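This report walks through one protein model. The sequence and structure come next, followed by a reading of selected features.

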Amino acid sequence: RHTRCSRGWSSDVCSSDLMGNICNLTQDPEDLLPYMKILIPAIKNSLFDSIPEVRASASKALGKLSKGLGLANSIELLEWLNMNLHRKDLAPSERSGAAQGLSEVVSTHGDNFFSNQCKEIITLARSKEIGLRESYRNVMAYLPTSFSGFVDYLLVMLPIMIEGLADESEEVRKVSMRNVKICIQQYGKRASELLCKPILAMMFDKDSRVRMSSSILMYQLVKEMENDIIKSQPKYINMQMKYSILSGMFILKFDSIDKVQIQASQIWKSLVDAPVHILRMIIETLIRMVFDLIQSKHEELQDMGLACMRGLVEKFGERIVNESLDIFESYLEQATDQHQTSGINRVILNMAGAASHRLLLQIKTRLTAIADPFLVNDDDEIRQYAVKVFTTLFKRLGDSNYTQNTLDVAFL
């Protein structure tokens, strides 16, 4: 304590700490009320200090003071904090102080109060006003460290934090990125699965900025988990999550947006030394995720899934391609609607177009066997894809005997 108070600014820190400790020791709120006119202005002043350590200490003191006063006597304090977070002329240090103060106050009155306040914070973090979005996303940045039970709110709060990565405001995007990084630092090892699920989902968001940021965040989470996904027996996540993360990283290499593609390729290379071995291990999960993308309503995601399949066919040879065809054939057997059937035919067409001449000779019979039944399908789109599979094979192989024989069989 002595060394801390020997610095010029640290007397303010020590004063805030002292006030907080006094409030902690007070059993009856009535004992504090006579001193509010002295304590509150001093803490408020420190809360807006330009030095982060002073603001942090003041916010802690404010939380302890609010706890000592009780919720009924803290309403005015909450209103003051919210009023400041609504101000348009707030300096960055003041916004940070008010956000940190509010996070401490809402965290000190139990789970029910915290839950209700989170709903209000989420609503304001999605406001049409940029200033409010920035202010209340700043509040979110402090909640993981101020509320001991925040881990129970990760599934609700994390997607809200991540969606801010697509905001039109650069400042909102920055604070949203910081929010998720703080969660990763706090819970990367303690709640790995809870963090992985929403970040993985956002890696395939319709907004390319979210995909880019989410891939970076996933990489940081993997590092926080001590590169768990490349270990034979992961410590912090289950095997299926390991396969899903690796699959997601691989698929993003085929994003149509160059920045996302380059970032994902760098991450993949830094994590994976033996890509063929890894791909054979994750192939079922990878194909399932690719198939989901191809059926997406967003064109960029569809293109990514199809590009990934082309990449597999072009670079990884017969064994992986045949395993992929096995999986797609099983999907066809289980297909329940035309959308799924159309998606599989699009994949087959892509494979026919991407395979090398040598590989095409090896898989041509399987491709035609899959596409043949759909030449007479009731759906125009599915029929067209099936026809294109045949015409692509005929053009690329240039074998008139094969073409004639195949047509003879098809017309029987």
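Helices (H or I, at least four residues) and strands (E, at least two) are DSSP runs, numbered from the N terminus. The buried residues of α20 are L359, L360, I363, K364, L367, T368, I370 and A371. Buried means under 20% relative accessible area, exposed over 50%, and partly exposed in between, with a 1.4 Å probe and protein chains only. An α-helix has 3.6 residues a turn, so residues three or four places apart point the same way.

K364 belongs to helix α20. Its relative accessible area is 17%, so K364 counts as buried. Leaving out residues up to four places away in sequence, K364 touches L393, L397 and Y402. Contact means heavy atoms within 4.5 Å. K364 and L393 are 29 residues apart along the chain, and their C-alpha atoms are separated by 7.3 Å.

## The model and its overall make-up

This is a predicted model: local features need pLDDT of at least 70, side-chain atom pairs count only at pLDDT 80 or more, and totals for chains, interfaces and linings use all residues. Residues are numbered from 1 along each chain as its sequence is written, and side-chain values use heavy atoms, with hydrogens and water left out.

The protein has 22 helices and zero strands. Of its 412 residues, 54% count as buried. Take the contacts between residues at least 6 apart in sequence: 68% of them join residues at least 24 apart.

S342 is in helix α19, residues 338-354. S342 is buried, with a relative accessible area of 4%. Beyond its neighbours within four places in sequence, S342 is in contact with E381, I382 and Y385. I344 also lies in helix α19. I344 counts as buried, at 1% relative accessibility. Not counting residues up to four places away, I344 touches F291, F328, Y331 and L332. I344 and E329 are 15 residues apart in sequence, and their C-alpha atoms are 8.6 Å apart in space.

V389 has its place in helix α21, residues 380-397. V389 is buried, with a relative accessible area of 0%. With neighbours within four places in sequence set aside, V389 is in contact with N345, I348, L349, L367 and A371.

## The nonpolar core

Which residues have the most contacts inside the largest nonpolar core? They are F150 and L286, in a core of 129 residues. Helix α16, residues 275-294, gives the largest share of this core, eleven residues. A nonpolar core is a set of buried Ala, Val, Leu, Ile, Met, Phe, Trp, Tyr and Cys residues joined through side-chain atoms within 4.5 Å.

L286 touches S247, F250, I251, L279, C308 and L312, not counting residues up to four places away in sequence.

## One cavity

A search of the whole structure finds one cavity of 30 Å³ or more. The largest cavity holds about 40 Å³ of space. A cavity is a set of points, on a 1 Å grid over the protein atoms alone, where a 1.4 Å probe fits but cannot get out; lining residues have an atom within 4 Å of a point. Grid points are joined across faces, edges and corners, and a volume is the space filled by probe spheres set on the points.

The lining of the largest cavity consists of N82, L102, Q117, E120, I121, L124 and Y136. Helix α8, residues 111-125, supplies the largest share, four residues. By type, the lining has four nonpolar, two polar and one charged. Here Ala, Val, Leu, Ile, Met, Phe, Trp, Tyr, Cys and Pro count as nonpolar, Asp, Glu, Lys and Arg as charged, and the others, Gly among them, as polar.

## Positive phi in a loop

Most residues other than glycine have a negative phi. E226 is not a glycine, yet has a positive phi of about 60°. E226 is found in the loop between α13 (208-224) and α14 (239-252). E226 is partly exposed, with a relative accessible area of 37%.

N227 lies in the loop between α13 and α14. Phi of N227 is positive too, near 55°.

Note on methods. On a 1 Å grid over the protein atoms alone, a cavity is a set of points where a 1.4 Å probe fits but cannot get out, and a pocket is an open set with protein on both sides within 12 Å along at least five of seven lines; lining residues have an atom within 4 Å of a point.
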